[in-house]
Amino acid sequence: MKGNLEAYYEKKKTIYNTNRMYPYVYVFCRNPDFIQNLCSLADQYGIPHHLLVVELTETAMWENEKIMIQMVEQLHKNGFSMAMDDFGTGYSSLSLLKNLSVDIVKIDRRLFYDNQYKDRAGILISNVLNMAKQLGMVTVAEGIEEQRHIDFLQQVGCDKVQGYYFARP
């Protein structure tokens, strides 16, 4: 089974729609045994830890930033990758990008669909992507449905794009 998962992962790495690329794990961080339980489940089913991406919402990170920082560090030590989901919708803060060593930052779709402020949004998106890349993070744009957004994201160097443009869930 492990060999099949590795082959599947290598094949899917080139696909833009990241929901179809990685098996995501959504975190309910109030469970003190979460990391131990996740490791046990992955091991029980023979899933290499580096193939799983633990996705944290930006809002969840604000509940207790200190605990989240420790949790991200522990998950990294156990071989899991970390993604910050919905960036740009809640209490977006540069301190989140600075303090949390996430591997992937996912820019929320709402930043792309307000035509009244599209020039300002483009500047923000471009600079958030640039900062994330300088911090060594993979960048993902979520909820993309239009070619014009793909064109813009290619122009500003976004790593991955997901959304209905490619496939419906």
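Visitor: What is the volume of the second largest pocket?
Guide: This is a predicted model, in which local features need pLDDT of at least 70 and side-chain atom pairs count only at pLDDT 80 or more, while totals for chains, interfaces and linings use all residues. Residues are numbered from 1 along each chain as its sequence is written, and side-chain values use heavy atoms, with hydrogens and water left out. With a pocket taken as an open set of points on a 1 Å grid over the protein atoms alone, having protein on both sides within 12 Å along at least five of seven lines, and with volume taken as the space filled by probe spheres set on points joined across faces, edges and corners, the second largest pocket comes to about 210 Å³.

Visitor: Which of its lining residues are closest to the centre of the second largest pocket?
Guide: The lining, meaning residues with an atom within 4 Å of a point, holds 12 residues. Those closest to the centre are Lys118, Gly122, Arg148, His149 and Phe152.

Visitor: Which helix gives the most to the lining of the second largest pocket?
Guide: Helices here are DSSP runs of H or I with at least four residues, and strands are E runs of at least two, numbered from the N terminus. Helix H6 (118-134) and H7 each supply at least two residues of this lining. With five residues, the one that gives the most is H6.

Visitor: How many residues of the lining of the second largest pocket are charged?
Guide: Asp, Glu, Lys and Arg count as charged, Ala, Val, Leu, Ile, Met, Phe, Trp, Tyr, Cys and Pro as nonpolar, and the others, Gly among them, as polar. The lining divides into six nonpolar residues and two polar ones, and the number of charged residues is four.

Visitor: Is glutamate 142 buried or exposed?
Guide: Glutamate 142 lies in the loop between strand S5 (138-141) and helix H7 (147-156). Buried means under 20% relative accessible area with a 1.4 Å probe, counting protein chains only. Because its relative accessible area is 8%, glutamate 142 is buried.

Visitor: Which residue has its backbone nitrogen reached by the side chain of glutamate 142?
Guide: Leaving aside neighbours within four places in sequence, glutamate 142 is in contact (heavy atoms within 4.5 Å) with residues including Asp85, Lys106, Arg109 and Gln162. At 3.5 Å, its side chain reaches the backbone nitrogen of aspartate 86.

Visitor: How far from leucine 38 in space is asparagine 78, C-alpha to C-alpha?
Guide: Leucine 38 has its place in helix H2 (residues 34-44), where leucine 38 is buried, with a relative accessible area of 8%. Although 40 residues separate leucine 38 and asparagine 78 in sequence, their C-alpha to C-alpha distance is 9.9 Å.

Definitions and conventions
Buried < 20%, exposed > 50% of the residue type's maximum accessible area, 1.4 Å probe, protein only. Polar contact = N/O pair within 3.5 Å; in protein donor to acceptor, adjacent residues only side chain to side chain. 1 Å grid on protein atoms, 1.4 Å probe; cavity = no way out; pocket = protein on both sides within 12 Å on 5 of 7 lines; lining within 4 Å.
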